[in-house]
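Here is a short tour of one protein model. Look at the structure first, then read on.

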Amino acid sequence: MAKFPQPRVDPVERLGFFKLAQTLDEKGFIGAILVTDTYTKPLEFRVTFPVKPTPVQRTLYGASLIPHIGIELCGKPLYEVLENPPDILFIQQDDFLPLSERVRCLVVRVRPLESLSSLLEQDVQEVKLPSLVQRYEAIAAAFPTQYEPDTVQTATTVLRELSKQVDLLEPFERIEKALRALAEEDQRFR
């Protein structure tokens, strides 16, 4: 069995935040990546045009529809056109962890610590990152199972340092607001 190539973990200069959101008309999905410096100051923002699956496609893809759209139709293409690719790409859904097999950076799922689901149902390596700064929310970070323990350990140390200086969940809110503003300005993004 071929060994999964481990991503470079340190040093970290750029962070990426990938989000797949529903369109305003709720008939499709739009992907977005925000690349920032380590203080979450924006460096680059990319979005896809909406992907609007037909009822037949929704039926045929079933539960694999969202991962397919998120990874193959939005995540990978957006990553490939970035002028400033991130060192770490944060996602919010476990379904997108396989993106780690298609991009050349560390992929980490982050979410609020309170929303932890049963780890027995997940096929992920998960760590808790309690907030050391009171104004930031404690998070749970998950890594793809292909990452070796050394990679996860080093990444966890890097994430603990990052979470001391920034809220790793807040950029997703900015993406959501930017997508709404874009849809209001341009009908093609509804």
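Rings of Phe, Tyr and Trp (its six-membered ring) count as a pair when their centres lie within 6.5 Å; planes under 30 degrees apart are stacked, over 60 edge-to-face, and the rest tilted. The structure holds four aromatic pairs. The rings of Phe 17 and Phe 172 have centres 5.5 Å apart and planes at 85 degrees, so they pair edge-to-face. Phe 17 sits in strand β1 (residues 14-22) and Phe 172 in helix α4 (residues 170-185), so this pair ties together parts 155 residues apart in sequence.

The model is predicted: local features need pLDDT of at least 70, side-chain atom pairs count only at pLDDT 80 or more, and totals for chains, interfaces and linings use all residues. Residues are numbered from 1 along each chain as its sequence is written, and side-chain values use heavy atoms, with hydrogens and water left out. Helices (H or I, at least four residues) and strands (E, at least two) are DSSP runs, numbered from the N terminus.

**Aromatic pairs and the core**

Buried means under 20% relative accessible area, exposed over 50%, and partly exposed in between (1.4 Å probe, protein chains only). Phe 17 is buried at 0%. Phe 172 is buried too, at 2%. The rings of Phe 18 and Phe 96 are also edge-to-face, because their planes stand at 70 degrees, with centres 5.6 Å apart. Phe 18 is in strand β1, while Phe 96 is in the loop between β4 (88-91) and β5 (106-112), 78 residues away. Both Phe 18 and Phe 96 are buried.

Which residues form one aromatic cluster? They are Phe 17, Phe 90 and Phe 172. Contact means heavy atoms within 4.5 Å. Beyond its neighbours within four places in sequence, Phe 90 is in contact with residues including Phe 17, Phe 18, Val 108, Leu 159 and Phe 172.

A nonpolar core is a set of buried Ala, Val, Leu, Ile, Met, Phe, Trp, Tyr and Cys residues joined through side-chain atoms within 4.5 Å. The largest one has 52 residues. Phe 18, Ile 88, Phe 90, Val 108, Phe 143 and Leu 159 have the most contacts inside it. In helix α3, the buried residues include Val 152, Ala 155, Leu 159 and Leu 162.

**Salt bridges**

A salt bridge is a side-chain nitrogen of Lys or Arg within 4 Å of a carboxyl oxygen of Asp or Glu. The structure holds 14 of them.

| Pair | N to O distance |
|---|---|
| Arg 46 and Glu 83 | 3.5 Å |
| Arg 111 and Asp 94 | 3.4 Å |
| Arg 174 and Glu 170 | 2.9 Å |

Arg 174 and Glu 170 are four residues apart in helix α4, so about one helical turn separates them. Arg 174 is partly exposed at 25%, and Glu 170 is partly exposed at 26%. Elsewhere, salt bridges that share partners join Asp 94, Arg 109, Arg 111 and Glu 126 into one network. Arg 111 is buried at 15%. Asp 94 is buried at 17%.

**Around Glu 44**

Is Glu 44 buried or exposed? Glu 44 is buried, with a relative accessible area of 9%. Its place is in strand β3 (residues 42-47). A polar atom of the Glu 44 side chain lies 2.9 Å from the backbone nitrogen of Glu 83. Glu 83 itself is exposed, at 66%.

Key: A polar contact is a pair of N or O atoms within 3.5 Å; within protein, one must be able to donate a hydrogen and the other to accept it, and residues adjacent in sequence count only if both atoms are side-chain atoms.
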